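Student: I have a new model open on my screen and would like to learn how to read it. Could you walk me through it?

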Amino acid sequence: MQNTTSIIKAQSKNLDFFYSNGMQALKSVNMPLYENKITALIGPSGCGKSTFLRCFNRMHDLYPGNKYQGEIVMHPDNTNILEHGVDPIEVRMRISMVFQKPNPFPKSIYENVAYGLRVRGESNKRMLDDKVEEALKGAALWNEVKDRQQDLAFNLSGGQQQRLCIARALATDPEIMLFDEPTSALDPIATANIEELMSELKQKLTILVVTHNMQQAARVSDYTAYMYLGELMEYDDTNTIFTNPTRKETEDYITGKFG
Amino acid sequence: MNTATQMLNQPINLTISPRLAKNVRRNIKERIIEFILMLAALSAVATTLSIVAILLYESLSFFKTVSLVDFFTDTQWTPLFEDAHYGILPLVSGTLTTSAVALAVAIPIGTISAIYLSEFASHKTREIVKPLLELLVGVPTIVFGYFALLFLTPILQKIFPELPGFNMLSAGIVMGIMIVPYIASLAEDAMRAVPMSMREGSYAMGATRFQTATRVVTPAAISGIVAAYILGISRAVGETMVVAVAAGQQPIVSFNPMESAATITAYIVQVALGDLPHGSIGYQSIFAAGLVLMGITLCFNILGHLIRKKYREHY
């Protein structure tokens, strides 16, 4: 690997996951997330990439009967965030998420971005104004919406809505950001914007992105993981995975022979 | 030049081949079915229209005797007395007051129940509670009326010794309880229709269940919730038995729920049960009162429609 000096921000250790119907969606996944790097998860539908991603912000807790086994250790806390004594709300405050389909709230642009701060009890108008502006700038949306922050978020285009969702996730200064196929509902131009944005964001935080788009993984990520049937088949820096994968299965998937 | 291009350029003698001609039998069958379906749809419209027509017709003869100004400004409603007055205000005030009390009870309880059922209750709890709640809808309103008169009023009289035996407070509260299941059930449906992705977005921001329910799900479902309120208002305004039994029969202009008063519906019941001669002014007054009732309900429905249009779901 090229980047031996990188710091590990989080890592999964022997992570198993079971859905409430008993299906095992993850099988002993061991994988690091390096700080200020983008890690891409690729693999055919149903391979467990989204399931894996959603373990990081304990999204599975919303549905009864789901079960984690193993650990996701977050650094520098050295805490297993799947532990029973860990509050999922505290985890989500530090690990934010952008979803597949833009899902703005039925509120104004401003209130969408301020939401995370408001639920944390922040009500200082000046503080909120500053944070909203900073987040909208961070999501490359400020110039388009600065004069209409009180407009309903639904009036934005799909690409703008997704950037709004990124701004919303940014506003609370997360350490890790999870992207679950963030561009699958967007056109090529909006996709390029989001990809560029991700590359900028990694200066500040650590990114884990699920994608169905192999070119996207190759373009934006530093590390790539190929998953299949709940198992991590191969993990390496992106160049190696795309030019010289170790496993035959990875190569078949990447070259389109399979999947 | 190949044969395909040659065919393209040749003139064609257009005919209708029998295999492509209109199928007369099938078309007639479709027409007949369409007509029957239209009749079914029209029957509801026709009924409504004829009700409105009869209301208008009978009211028209009423307004030949009573001027519109008297009807809307006189503060006495005594159509059956020697010294007859025909001011609708006492009945309207009674109707609005009982409805307001009912909504003051039903909107908070109904909304909170809906939030609980949709956002907090486990699947199992919801499966038990919701049918029970909907069972409450099946209780005959006369039972609620006697519940108000014989059970709630005595209790209220212990708190407010001045309270008369017939009063709008007790009738309004019971009417509110009666409406709760309507509002809760409809509002819950609206909230459950909010896509899960929106809730996940809120949770992912570190919001609690309560914050998600009140700040994201409720605004997202607002148009359905408002529709539930409007239905509740219509029910309250049109409710008859509870007010006829428990609110009293004295038509006085009062917005104080501690007093006894007649509502429009209560008056109609009272008079319709008596032996008024057909065509008399008392008989016609029922229709005028009915017309006002319909007008009030219509206003609320239009208001509800406008609000729904303004806050329609965007997801």
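This is a predicted model: local features need pLDDT of at least 70, side-chain atom pairs count only at pLDDT 80 or more; totals for chains, interfaces and linings use all residues.

Student: What kind of peptide bond joins A:His75 and A:Pro76?

Tutor: As a general idea, most residues other than glycine have a negative phi, and most peptide bonds are trans. Here A:His75 and A:Pro76 are joined by a cis peptide bond, with omega about 5°. The loop between strand 4 and strand 5 of chain A also holds A:Asn78. Phi of A:Asn78 is positive, near 55°, and this residue is not a glycine.

Student: Let's move on to the sheets. In what order do the strands of the four-stranded open sheet of chain A lie?

Tutor: In general, strands of a sheet pair through backbone hydrogen bonds, either parallel or antiparallel. In this open sheet of chain A the order is 2-1-4-5, and the pairing is antiparallel. Strand 2 and strand 5 (79-80) of chain A are at the edges with a single partner strand each, so each has one side without a neighbour in the sheet.

Student: How many bridges join strand 1 of chain A to strand 2 of chain A?

Tutor: Seven bridges link strand 1 (residues 8-18) and strand 2 (residues 24-34) of chain A, and the two run antiparallel. Strand 1 and strand 2 of chain A make a hairpin with five residues between them. In that turn, A:Gly22 has a positive phi of about 95°.

Student: Which strands make up the six-stranded open sheet of chain A?

Tutor: Its order is 6-7-8-3-9-10, and the pairing is mixed. The edges are strand 6 and strand 10 (231-237) of chain A; each has a single partner strand, so one side of each has no neighbour in the sheet. From one strand to the next, the twist averages 20°.

Student: Do strand 3 and strand 9 of chain A run parallel or antiparallel?

Tutor: Parallel: strand 3 (residues 38-42) and strand 9 (residues 223-228) of chain A are joined by four bridges. A:Ala40 stands opposite A:Thr224 in strand 9 of chain A.

Student: Into which domains is chain B divided?

Tutor: There is domain 1 (24-65) and domain 2 (89-310) of chain B. Their C-alpha centres lie 30 Å apart. Six residues from domain 1 and eight residues from domain 2 of chain B make the contact.

Student: How are helix 10 and helix 13 of chain B placed relative to each other?

Tutor: The axes of helix 10 (residues 222-238) and helix 13 (residues 281-310) of chain B come within 9 Å and cross at roughly 175°. Angles over 145 degrees count as roughly antiparallel, and helix 10 and helix 13 of chain B are therefore roughly antiparallel to each other. Residues making the contact include B:Ile230 of helix 10 and B:Phe300 of helix 13 of chain B. By class, the residues of this contact are nine nonpolar, six polar and one charged.

Student: Last one: how many residues of chain A are in contact with chain B?

Tutor: 20 residues of chain A are in contact with 16 residues of chain B. Helix 2 (88-94), strand 6 (95-98) and helix 3 (109-119) of chain A each supply at least two residues of the side of chain A that touches chain B. That side has eleven nonpolar, four polar and five charged residues.

Technical notes:
Residues are numbered from 1 along each chain as its sequence is written. Chains are lettered from A and ligands numbered from 1 in the order in which they are written. Two residues are in contact if their C-beta atoms, placed from the backbone, lie within 7 Å. Ala, Val, Leu, Ile, Met, Phe, Trp, Tyr, Cys and Pro count as nonpolar, Asp, Glu, Lys and Arg as charged, and the others, Gly among them, as polar. Domain bounds come from an automatic or database domain assignment. Axes are lines fitted to C-alpha atoms, for helices over the stretch in contact, and angles run from 0 to 180 degrees between N-to-C directions. Angles under 35 degrees count as roughly parallel, over 145 as roughly antiparallel, 65 to 115 as roughly perpendicular and the rest as oblique. Two strands pair if DSSP finds at least two bridges between them.
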